[in-house]
Amino acid sequence: KIKACIFDLDGVIVDTAVYHYKAWRRLANQLGFDFTEEQNEELKGISRIESLKIILNWGRVTKSAEEMEELATLKNTWYVDMITKMTPDEILPGAKEFLELVRSKNYLTALGSASKNSETILNQIGLINLFDALVDGNKVTKSKPNPEVFLVGAKELNVLPEECVVFEDAIAGVQAAKNGNMKTVGIGKADVLTEADIVVGGLNEMTIEKLENL
Ligand code: B16
Ligand code: MG
């Protein structure tokens with residue numbers, strides 16, 4: 001029996017991918033190359049430092065570990081400048097309503113995000129109080145598809161992995177949930193998120209019935 005819902009942040013609750021793209025692109029341009037929005041898709045759900053490694057590889061640029069730390073920090077300052085201007089208008093359709101609905105039916109809720117900026121974002125969009133537990137890149141070290149972020153979420157909620165449903169937009173995130181023995185609802189396209197138990201276009205298409213039938 002499902003007892004808890006664990007939500008990814010970027011791509012499920014809010015679209016921060018556009019801000020990540022702007023900031024990473026500014027960094028790439030400064031280093032003398034560019035990359036496309038299509039390439040940016042591959043960075044979804046991937047941690048900050050892993051994303052940087054992928055981007056540097058696209059530009060055939062090599063940097064030391066120390067230089068990479070500096071570049072990642074620089075990107076993050078630009079990113080934080082943008083997300084601190086976010087407003088509740090940016091909540092994806094149905095996200096707030098679905099969070100309120102599951103809570104009213106006594107399901108527990110947690111955030112399971114790779115981002116180290118998740119609290120800033122949830123405060124900006126005014127949803128922080130709708131989560132019983134917050135697990136993000138500050139609490140875990142292993143990047144999705146490793147299930148750590150979701151397993152810590154289950155633990156904080158005091159439920160078993162098999163009692164959790166994970167809502168994810170990234171392939172690596174769906175795999176992480178599966179690797180953790182959790183049910184998954186893919187947010188996006190069924191031909192992309194093939195390993196998810198069900199796929200919906202957004203939380204606005206999600207119902208309690210679909211949740212209970214998983
Ligand atoms: P930060 P999610 C992920 O969020 C993003 O999809 C990914 O593009 C980003 O690199 C990662 O967070 C780390 O974010 O730089 O803020 O720590 O989808 O796991 O909520
Ligand atoms: Mg995501």
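**View 1. The magnesium ion (ligand 2) and its protein donors in this predicted model.** Asp 8 (OD), Asp 10 (O) and Asp 169 (OD) hold the ion at 2.0 to 2.2 Å; donors are N, O and S atoms within 2.8 Å of the metal (3.2 Å for Na, K and Ca), and since water is not among the atoms, sites may look incomplete. Along the sequence, the donor spacing reads D-x1-D-x158-D. Asp 8 is buried at 4% relative accessible area, and Asp 10 is buried at 15% (buried: under 20%, 1.4 Å probe, protein chains only).

**View 2. The largest pocket, about 630 Å³.** Here a pocket is an open set of points on a 1 Å grid over the protein atoms alone, where a 1.4 Å probe fits, with protein on both sides within 12 Å along at least five of seven lines; lining residues have an atom within 4 Å of a point. The volume is the space filled by probe spheres set on the points, which are joined across faces, edges and corners. Among the 35 lining residues, Ile 46, Ser 47, Arg 48, Ala 114 and Ser 115 are closest to the centre. Helix H4 (65-83) is one of the elements giving two or more residues, and H4 gives the most, six (helices: DSSP runs of H or I, at least four residues, numbered from the N terminus).

**View 3. The second largest pocket, about 530 Å³.** Of its 22 lining residues, Glu 41, Lys 44, Asp 169, Ile 187 and Gly 188 lie nearest the centre.

Residues are numbered from 1 along each chain as its sequence is written, and chains are lettered from A and ligands numbered from 1 in the order written. Local features need pLDDT of at least 70 and side-chain atom pairs 80 or more, while totals for chains, interfaces and linings use all residues; side-chain values use heavy atoms, leaving out hydrogens and water.

How values were computed. Buried means under 20% relative accessible area, exposed over 50%, partly exposed in between (1.4 Å probe, protein chains only).
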